[in-house]
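Visitor: I am new to this structure. Please take me through one part of it closely, step by step.

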Amino acid sequence: ADGVTTGMLMETLAYGDFNVSYVQLMASLMGSIIVKNAAPALAAHWVPRIVSGEAIIALGLTEPRGGSDAANLQLRARRDGGHFVLNGEKTSISFADQADAAVVFARTGAVEDGAGGVSAFFVPLDLPGITRTAFDDVGSKIVGRGSLFLDDVRVPAEYLMGAEGTGFTQVMRGFDYSRILIALQCVGAAQASLDEAWAYVKDRDAFGAPLAQYQGVSFPLAEGETMIAAARELCYHGLQLRDAGRPHTAEAAMVKWFAPKTAFDVVHQCLLSFGHYGWSMDLPHQQRMRDVMGLEIGDGPAPVMKLIIAREKVGRIAVQYARKKGATQ
């Protein structure tokens, strides 16, 4: 499907259940990486299973010593005949204890090679030498998050995805798309809380009138509608750019920092609109609020997104200045 259609599906699913929509998010990101980079036989086996819901594929990128500094990897992969042997740890992995396989990024070159020394491997998680741990997180408990430990894990050489040393580039290309879809997850969840809050304040009477009659109640919800509508439109603008084959890195970074933060604030206000009823685990606002808060971190926090936006706007000037400065020294 095109990006706009996928975004509509993602938003609608998240409106119903934020955590269920995370399955489709990972399927979209990981399925795309596999189709574009895995050996045809490997893709032919796994992609139909992803689409049918029989398999979940995780992303093994983050490590304990580096989150946003994603190219600073320590997990090593060395060639041994017809296999690569992987050793190290991956952490903060969504679906860590549920996934059937993971696309794992490992260093095959020297540390000084930076991103150019990183390769991607398709790793079935039932291989010998793999252990998993699960975290006790604030939100998204159904999805789950944890670590993978790889101790002398032998991965067939044909499970190398793409050319050796190109793994980091592969995943970075997918992040612009997934960041917009993440933003629409948050938009969907916030819209659900807004719709529920409007229905409640219309029916709830206080001081002889519906709560909606009081500006102190209705204006914060009106502001929330405005902010969520703005986030939604920017998301679909970014997806339209993607579908047209135009650059959309800045737009993806914009919605990635703006939508989760806005959604958290809006859902929080909706919770307050329910008064003492809102402060209950029986209503969904507390779960949505915790769930969207996690995506203020996942796939890059706000400061990193703002750096990306600034780089997209002034990057060429910065490069030209650095070259000019170097030429005069």
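Guide: Start with the salt bridges: the structure, a predicted model, holds nine of them. One of these joins Arg232 to Glu11. Their closest N and O atoms lie 2.8 Å apart. This pair links distant parts of the chain. Arg232 sits in helix H5, and Glu11 sits in helix H1, residues 3-16. The two are 221 residues apart.

Now look at the helices around that pair. The axes of H1 and H5 come within 8 Å. They cross at roughly 145 degrees. From H1, the contact uses Gly3, Val4, Gly7, Met8 and Glu11. From H5, it uses Arg232, Tyr236, Leu239, Gln240, Arg242 and Asp243. So both salt-bridge partners, Arg232 and Glu11, belong to this contact, where a salt bridge needs nitrogen and oxygen within 4 Å. By class, the contact of H1 with H5 has four nonpolar, three polar and four charged residues.

Follow H1 to its other partner here, helix H2, residues 18-37. Their axes come within 6 Å and cross at roughly 150 degrees. Angles over 145 degrees count as roughly antiparallel, and H1 and H2 are therefore roughly antiparallel to each other. Met10, Leu13, Ala14 and Gly16 of H1 meet Phe18, Ser21, Gln24 and Leu25 of H2. Five residues of this contact are nonpolar, three are polar and none is charged.

Go back to H5, which covers residues 215-243. It also packs against helix H6, residues 249-273. The axes of H5 and H6 come within 9 Å and cross at roughly 155 degrees. H5 and H6 are therefore roughly antiparallel to each other. H5 passes H6 in a left-handed crossing. On the H5 side, the residues in contact include Pro220, Leu221, Gly224, Met227 and Ile228. Further along H5, Leu234, Cys235, His237, Gly238 and Leu241 also take part. On the H6 side, they include Glu251, Met254, Val255, Phe258 and Ala259. Val266, Gln269, Cys270 and Ser273 of H6 are among them too. The contact of H5 with H6 has 15 nonpolar, six polar and one charged residues.

Finish with H6 itself. At 1.5 Å a residue, its 25 residues should span 36 Å. The end C-alpha atoms of H6 are 36 Å apart, which agrees. After H6 comes Gly275, whose phi is positive, near 60 degrees.

Methods: Residues are numbered from 1 along each chain as its sequence is written. This is a predicted model: local features need pLDDT of at least 70, side-chain atom pairs count only at pLDDT 80 or more; totals for chains, interfaces and linings use all residues. Side-chain values use heavy atoms; hydrogens and water are left out. Axes are lines fitted to C-alpha atoms, for helices over the stretch in contact, and angles run from 0 to 180 degrees between N-to-C directions. Helices (H or I, at least four residues) and strands (E, at least two) are DSSP runs, numbered from the N terminus. Angles under 35 degrees count as roughly parallel, over 145 as roughly antiparallel, 65 to 115 as roughly perpendicular and the rest as oblique. A crossing is left-handed if the near helix is turned anticlockwise from the far one by less than a right angle, and right-handed if clockwise. Contact means heavy atoms within 4.5 Å. Ala, Val, Leu, Ile, Met, Phe, Trp, Tyr, Cys and Pro count as nonpolar, Asp, Glu, Lys and Arg as charged, and the others, Gly among them, as polar. The expected span of a helix is 1.5 Å times one less than its number of residues. A salt bridge is a side-chain nitrogen of Lys or Arg within 4 Å of a carboxyl oxygen of Asp or Glu.
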